[in-house]
Amino acid sequence: MSKIDVLVVWPNRPEQMQMLADTYELHRYDLANEAEKSAMIEAVGHKIRAVATTHGGGFNDTLLAQLPNLEIVCSSSVGLDTICVQACHERGIPVTNTPDVLTDDVADMAMMLTLTTLRRMLPGVAWIKSGNWVEKGMMPLNTSLRGKTLGIVGLGRIGKAIAARAEAFGMNISYFSRQAKTDVRYRHYDDLIALAKDVDVLAPVIPGGAATEGLISRDVLSALGEDSFFINVSRGSVVDEAALVELLEQRAIKGAGLDVYVDEPNVPQALLAMDHVVLQPHCASGTFETRAAMAQLVVDNLAAHFADKPLLTPVATKIKS
Ligand code: 8YV
């Protein structure tokens, strides 16, 4: 029996890629140049029954339209902002993602950025390496976490995991969401500017996409104030990045810890020179353990689909209002 044809838009971990290769006929769109991509779709587009991708690789409606027999899209990401979920659902094609398995690592990254930024760890390293410790003595003081308030925008699974960690560091938690949650005792705000005014650290933990684009606006960032910090492990698109850079330049915000940017992998040049900013290359879920678990979900969701079993992590269809 011939193998089921799967289009690999973006690869997975080697072990899981091998599992996929053992079971399916893989078409390596990810390895093809533009001309080869077109030729590949022309030749096998009609045979493709599944797509494997990630947030970085995405999956758009142009490609969807070229795959008439597609049955399922599996993304190795929790975020779906680069995937045409609605168009897939309109064609009855389920989409799977990777919630839960990355929650702890992403929350750890948020804490790591908070600690590294407030405690000025990187300038501390530079202080030693530059010889300043010997020549000038102790480095300037930094900011304590204990007693400070962390304002989380969007208190979903990852937001709650960050809140639990921050509490262990003695921080108070406030959050913004349209409606107050009944399962937490943190202070609720339904006004983002009011939250930003009141907190010492502001952290959006919300999905990317049109609905949240620029939500952390210049006004919100300005309300944060010169003694406060901004931490972002969600998506660059949720913040007005130009305003963030400008306010950091003017020291109207005290510091920032960023894992995500508007135009990845391009990071605004001005940020590179700032010693009150800690930058990471979108790698909050980038541990061996978590990436393997994410990749395994792609393998397991595909297996479930083709065995006619319930999917492990299907993305819910949005009901149109
Ligand atoms: C990665 C992420 O970008 O899951 C997400 O939404 O942003 C990250 O974990 C990624 O998709 C890993 O392949």
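## Exercises around T313 and other sites

Leaving aside residues up to four places away in sequence, T313 touches V95, T96, N97, P99, L297 and N301, where contact means heavy atoms within 4.5 Å. This is a predicted model, in which local features need pLDDT of at least 70 and side-chain atom pairs count only at pLDDT 80 or more, while totals for chains, interfaces and linings use all residues. Residues are numbered from 1 along each chain as its sequence is written, and side-chain values use heavy atoms, with hydrogens and water left out.

**Exercise 1.** Find which side chain makes a polar contact with the side chain of T313.

*Solution.*
- Start with the location: T313 sits in the segment after helix 13. Helices (H or I, at least four residues) and strands (E, at least two) are DSSP runs, numbered from the N terminus.
- Next, check the burial: T313 is buried, at 13% relative accessibility. Buried means under 20% relative accessible area, exposed over 50%, and partly exposed in between (1.4 Å probe, protein chains only).
- Now the partner: the side chain of N301 makes this polar contact, at 2.9 Å. A polar contact is a pair of N or O atoms within 3.5 Å; within protein, one must be able to donate a hydrogen and the other to accept it, and residues adjacent in sequence count only if both atoms are side-chain atoms.
- Look also at the backbone: a polar atom of the T313 side chain lies 2.7 Å from the backbone oxygen of N97.

**Exercise 2.** Work out which backbone oxygen the side chain of T114 reaches.

*Solution.*
- T114 belongs to helix 5 and is buried, with 4% relative accessibility.
- Its side chain reaches the backbone oxygen of A110 at 2.7 Å.
- Beyond four places in sequence, T114 touches R119, L145 and I231.

**Exercise 3.** Which residues of helix 1 (residues 14–23) are buried?

*Solution.*
- The buried ones are Q16, M17 and L20.
- They lie on the same side of helix 1 because they cover an arc of only 105° around the axis; the arc is that of the directions from the helix axis to the C-beta atoms.
- On the other side of helix 1, P14, E15 and D22 are exposed.
- Cover for the buried residues comes from elements including strand 1 (4–8), strand 2 (24–27) and helix 13 (288–306).

**Exercise 4.** Describe the backbone at D100, R251 and P265.

*Solution.*
- Keep the background in mind: most residues other than glycine have a negative phi, and most peptide bonds are trans.
- D100 is not a glycine, yet its phi is positive, about 70°. D100 lies in the loop between strand 5 (95–96) and helix 5 (103–118) and is partly exposed, at 47% relative accessibility.
- R251, also a residue other than glycine, has a positive phi near 60°. Its loop runs between helix 11 (241–249) and strand 11, and R251 is partly exposed at 47% relative accessibility.
- From E264 to P265 the peptide bond is cis, with omega near 5°. P265 is placed in the loop between strand 11 (255–258) and helix 12 (269–272).

**Exercise 5.** Is V134 buried or exposed?

*Solution.*
- V134 is part of helix 7 (residues 132–136).
- V134 is exposed, because its relative accessible area is 77%.
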